[in-house]
Structures are given as C-alpha cells and as structure tokens.
Amino acid sequence: AQTNSKVLLSVLLKKKSAALINRAANLQISLDLLTLAVLIHFSGGLENPFSFYFIFHMIIASILLSRRASFLQATLAMALFAGMGISEYTGLLPHYCLKGFIPYTLHHDSTYIFGVSFVFATTIYMAVYMATSISGKLKNREKSLEEANQRLCEKDRIKSEYVLRVTHDIKEHLAAIESCLDPVTEGITGVLNEE
C-alpha cells in the first residue's frame, strides 16, 4: 500500500510539473512572438523579410505544446503580423522603412498587405500542422516504446523470481540428499561394500 501511494504521488508530481512547464513554455512563446512583432515593426514591418522568423517559433511551439496550443500560438502570430500591417496601413502605427532594400511605399499597398498576410498565414498554419503531426507521431512512438520497456522489465522481474525459486528448490533437494548421504559415507549405517 505504501509503495502504491509513493507511485501515485510520483505520477501526480510529474503531471503537476508537466502542466507548470507547459504553461511556462506557452507564456514564453507568446512573449517571444510579441517581442518579435515589435522588432519587426521597428525594422520595416511587413516589408521586412525576417518577419518569416515567426515560423521558427511555430515549429518550437508545435514540438513543446499540444496541437491546440500550437494553433492558438499560430493565431496569435497571425494576429500580431496582420495587426502590424493593418495598423501601419491605416496610420495607427508609424512605418519604419528598410531604406535601400524594398520600396518603402508597400505598407500603403492593400494588395501587398493582403498577399503577404495570406502567404504568412498559410505558411504558419501549414508549418504548425506538419510539425504537430510529426511531433504527435514521435510522442506516440515514444509512449509505445516506453510501454514495451515496462513490459520487458516486468518479464525480467518474473524471470528473476523464477530463477531464484528454482535455485532455492534445487539447493533444498541437494541439501536433503547430502544430509542423507552423510550418515552412510561416515559409516554410521554400517560398512559399505565396494559396489
């Protein structure tokens, strides 16, 4: 009973720490996306080709977080990206251009903003879909291997117990035979003939 309660406590602690780590990862990725959006805004906005660095965060989110949380993070990235573009287009946010790289009037072109936002959104969501699919398959494989390892450990334990019992039984029988032979070999039961 005490061993079962220790195992149950261990499982509960693992689940609680996993939930805490999951929340921390979720918060960290959200803060990273917000920081990246601010950096992108001050270095060219939608005209900045580094805006596609959001994809790296989506892949990391897909590996660390659940499928649902990964898609929510992708939606946050898309909202930040599109919000930045729309805010610069409408004049809510000032536009900081990348001089000498791209014509700095693109932030006023609604077709460009829509096109880049569409490509960005489809790329982000496809990356999350593919990464969560691969991550899910790997997690399932890891789980099945862990279960197989537990079954092997249980079979090894059963084998060890069996060998221990057989060894004990053989030793008992050999000791009984030896105790019966001792009086005979010591001559207590009389003289032994050569045969």
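**Salt bridges, a loop and a helix face**

R157 and E154 both sit in helix α4, residues 110-185, three residues apart, which is about one turn of the helix. Helices here are DSSP runs of H or I with at least four residues, strands are E runs of at least two, and both are numbered from the N terminus.

A word on the model. It is predicted, so local features need pLDDT of at least 70 and side-chain atom pairs count only at pLDDT 80 or more, while totals for chains, interfaces and linings use all residues. Residues are numbered from 1 along each chain as its sequence is written, and side-chain values use heavy atoms, with hydrogens and water left out.

The side chains of R157 and E154 meet in a salt bridge, 2.3 Å from N to O. A salt bridge means a side-chain nitrogen of Lys or Arg within 4 Å of a carboxyl oxygen of Asp or Glu. Side chains of opposite charge can pair when their charged atoms come close.

R157 also meets E161 in a salt bridge, at 2.4 Å, N to O. R157 and E161 are four residues apart in helix α4, so about one helical turn separates them. An α-helix has 3.6 residues a turn, so residues three or four places apart point the same way. Salt bridges link E154, R157, E161 and R165 into a network.

How open are these residues? R157 is partly exposed, at 39% relative accessibility. E154 is partly exposed at 35%, and E161 at 34%. The cut-offs: buried is under 20% relative accessible area, exposed is over 50%, and partly exposed is in between, with a 1.4 Å probe and protein chains only.

Next pair. K159 and D156 form a salt bridge of 3.5 Å, N to O. K159 is partly exposed at 47%, and D156 is partly exposed at 41%. How many salt bridges does a search of the whole structure find? Four.

Now the loop between α1 and α2. E47 lies there. Is E47 buried or exposed? E47 is buried, with a relative accessible area of 2%. E47 and I113 are 66 residues apart along the chain, yet their C-alpha atoms are separated by 9.1 Å.

F42 is found in the loop between α1 (2-41) and α2 (54-64) too. F42 is exposed, with a relative accessible area of 51%.

On to rings. The structure holds nine aromatic pairs. One of them is F50 with Y53, edge-to-face, 5.2 Å centre to centre, with 80 degrees between the planes. Rings of Phe, Tyr and Trp (its six-membered ring) pair if their centres lie within 6.5 Å; planes under 30 degrees apart are stacked, over 60 edge-to-face, and the rest tilted. Ring pairs also link F52, F54, F81 and F120 into a cluster.

F54 brings us to α2. There, F54, I55, H57, M58, A61 and S62 are buried. They cover an arc of only 155 degrees around the axis, so they lie on the same side of α2. That arc is taken from the directions from the helix axis to the C-beta atoms. The face turned away from the buried side of α2 carries the exposed residues F56 and L64.
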